[in-house]
Amino acid sequence: RHGARQTLETGRENASERGREGIVTDNDGSGESERERAVPGRRKARHAPSREQEKRMPEERPAEIDPGAAKAAGQANARAKVVLGSAKVNNVNAASAVQAPAQVSEEVVEKCINAIRFLSIDGVEKANSGHPGLPMGCAPMSYVLWNEVMKHNPSNPKFVNRDRFVLSAGHGSMLIYSLLHLTGYPLPIDELKQFRQWGSQTPGHPENFETSGVEVTTGPLGQGICNAVGLAQAEAHLAARYNKPDCDPIFDHYTYCIMGDGCNMEGISNEACSLAGHWGLGKLIAFYDDNHISIDGHTDISFTEDVGARYEALGWHVQHVVNGNTDLNSIRDAIAKAKAVTDKPSLIKVTTIIGYGSPNKADSHDVHGAALGASEVQATRDNLNWSHPPFEVPDDVYGAMSNVKKGADIEDAWNRNFKAYEKKHKQEAAEIKQLMAGTLPTGWAKVLPTFTPEDKGVATRIHSQTMLNACASVLPGFLGGSADLAPSNMTLMKAFGDFQKDTPAERNLRFGVREHGMGAICNGIALYGCGLIPYCATFFIFTDYMRASMRLAALSKVGVLFVMTHDSIGLGEDGPTHQPVEHLASFRTMPNILTYRPADGNETAAAYKVAVENRERPTIIVCSRQGLPNLEKSSISNAEKGAYIAQETNSKPDCIIIATGSEVADAMAAAKVLEGEGKSIRVVSMPCWEIFEEQSAAYKQSVLPSSVTARVSFEAGSTFGWERYIGSEGKAVGIDSFGASAPGPVLYEKFGLTKEAVVAACKDVMK
């Protein structure tokens, strides 16, 4: 089987070797596959082969290789040649290559790597839940990265110029917890013992809001690498805006990411990585943990593409470290070469053994998503010569891996540099300070215009464009764009150009038709910190493509603005494929996200004000395609309460009509009809349920008095959820089917979204 496997791998490599930079070739002449040599201990079949496969496979024999032999194999690989094929890649001088710290011996380095492995093993074992295989395989590259390469300060995890690290393969979360603990972050060993337990700082997947030092929330595969693209974009943008030739750089760091086969299978990663290649994000370096195992078994049952060739086609610089298990020098060399390529993001494919060191489960799906079990844990300890009990780390490992002093020195040097910068560039320094503090300019919301009924009514997407450009004029961290719909979403900032490879200081982001990746990239920009406020836009219907990213924005507590236009069947002729129906109801059920559907210019201004000021929860601003009149009683102060009285006959209504967005004006027209028949009617505009629920009980009672049970809701969307406000005796006027292709006014009439329908519903509930 191994011979057949090696033939497959060799064929794939040979097919794409031409023009590839950094393919490490095996020169030891043994005739064995690298993976056979590197697995310490016995191997199990990854999945049951078919009879035809069995006929083609050579007889499989257990590998009897101890750690010493594996290390020797790694040293052989370290002497392997590197094939250089890209004329654009600069050669790396030996002096500039990443090197192990002189004071750390090879023996201690090996102990550090094994400490990472066994903290991960022990955490998963104690929880009897988790994924030990990835940390065991990724420990060597992670050690080099965290202890020899990255600039970071464990005493200040928010140090602005730190290198960012994203574990896109978030299921291997014990890896990052082990690294945080060993390098000196405020994550004590007792927290590692509480992996996946209630109230711990070590949840099942990394969560930026739970664990200091975790940059982004990952777990849904592919999201993390997209967040990393956002982090790298933010660095490139801020560096272009604020770095000056007469000072050392203020923004000058790398974004590193570890991703796996699953991340590369998910389509979202291709969306974001395509854009990263287009943007030329040279300070983004991704490590692809090429371990060939997924939950179902070996990846050759479903995933046989040449990932490196794909990334080359996306405009990335690609290298391959053949032995990521023991060959630290090749890992160091690959990182140095990646840093030397400044005009492309880099992918370093690192072939590893999942569960490295486990005699009976390494290189199998058995080690992917379950604890090893007590007997296999002991066998692994014996196999890797690790004599320490669970959660015990030798002092020399702590001494070698602590980054506290080094990190503090790095930040102190940056602070000195910033003081020198401030003397020469006072205005820019003041702006940077404000961004780093995360504060908004005093009185910033005064730039938001207000409207009266005498002002011409336009679509709320037009009002959104007005507000967006007003925000851009006073918020230095405001940036974003659309998924190839800027002329329809109205989301271009007129005072700025496009962020591109050659113009990274600009603030309009052209995402192309990549909704899902767009959302995740914006999450990364927001999680960068430093006062950046990203927005992204598409048609409301296409939130179906990006819902996972929007949910992660809510979970991660980041205030991304999601500007969504074409909000209902009112968009008309494009038909039901483009007409959202259930979407408002759907997002209202999502925790920690605001859904605003404004009815006019003032409500749109309020939506932007609330969205910008909410830095720990995202906001969806849902805008109309059709023109809407400006309401007499609308105002920013009213609309930012979530609901208010837009019109009433008197203070003792017979019936209350609650409406949102484009239906508010029609609700008011229906009220006039009923008033003509002697009824007292109150119309409530409710642009945001979530904000209304946060108001005082007295305010809510003043808007929706419990004494009035005759209530009607009116919204061009699903009626699901409206019983919360209309009660068991109320009626909901909406649409609970898909739409159709026809002009918007025709659709409103055919689906019963009319003032006549509202009048009839009010009469029913007032009987």
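Me: What makes the side chains of Glu663 and Arg597 a salt bridge?

Reply: This is a predicted model, so everything here is computed from it. In it, the N to O distance between Glu663 and Arg597 is 2.6 Å. The cut-off is a side-chain nitrogen of Lys or Arg within 4 Å of a carboxyl oxygen of Asp or Glu, so the pair qualifies.

Me: Which parts of the chain does that pair link?

Reply: Glu663 belongs to helix H25 (residues 663-675), while Arg597 sits in the loop between strand S15 (594-596) and helix H23 (601-613). The two are 66 residues apart, and the pair is one that links distant parts of the chain.

Me: Why is Glu663 called buried?

Reply: Its relative accessibility is 0%, and buried means under 20%, so Glu663 passes. Arg597 has 1%, so that residue counts as buried too.

Me: How do you know that Glu675 forms a salt bridge with Lys672?

Reply: The closest N and O atoms are 3.8 Å apart. The limit is within 4 Å, so this pair also counts. Both residues lie in H25, three residues apart, or about one turn of the helix.

Me: Are Glu675 and Lys672 buried, partly exposed or exposed, and what makes them so?

Reply: Glu675 comes out at 21% relative accessibility. Buried needs under 20%, and exposed needs over 50%, so Glu675 is partly exposed. Lys672 has 51%, so Lys672 counts as exposed.

Me: What makes Lys111 and Asp396 a salt bridge?

Reply: Their closest N and O atoms are 2.7 Å apart, and the rule is within 4 Å, so the pair counts.

Me: Why are Lys111 and Asp396 called partly exposed?

Reply: Lys111 has 22% relative accessibility and Asp396 has 33%.

Me: How many salt bridges does a search of the whole structure find?

Reply: The search finds 27. Some residues are linked in a network: Glu235, Asp252 and Lys283.

Me: What makes strand S19 largely enclosed by the rest of the structure?

Reply: S19 covers residues 655-659, and five of the five are buried, so the strand is largely enclosed. Cys655, Ile657 and Ala659 point one way, Ile656 and Ile658 the other way, and all are buried. As a rule, side chains in a regular strand alternate between the two faces of the sheet.

Me: How do you know that S19 pairs with strand S20?

Reply: DSSP has to find at least two bridges, and S19 and S20 (residues 681-685) have five, so they pair. Their sense is parallel, and Cys655 stands opposite Ile681 in S20. With H25, the two strands make a right-handed β-α-β unit.

Me: What joins S19 to strand S21?

Reply: Four bridges do, and at least two are needed, so S19 and S21 (residues 711-714) count as paired. They run parallel, with Ala659 opposite Phe714 in S21.

Me: What share of the chain's residues is buried?

Reply: Of the 767 residues in the chain, 60% are buried. The chain has 30 helices and 22 strands, and it exposes about 28500 Å², with carbon and sulfur atoms supplying 50% of that area.

Technical notes: Residues numbered from 1 in each chain as written. Predicted model: local features only at pLDDT ≥ 70, side-chain atom pairs only at ≥ 80, totals over all residues. Heavy atoms only, no water. Buried < 20%, exposed > 50% of the residue type's maximum accessible area, 1.4 Å probe, protein only. Areas by Shrake-Rupley, 256 points an atom, 1.4 Å probe, with all protein chains shown as cover. Right-handed = clockwise from strand over helix to strand, strands pointing away.
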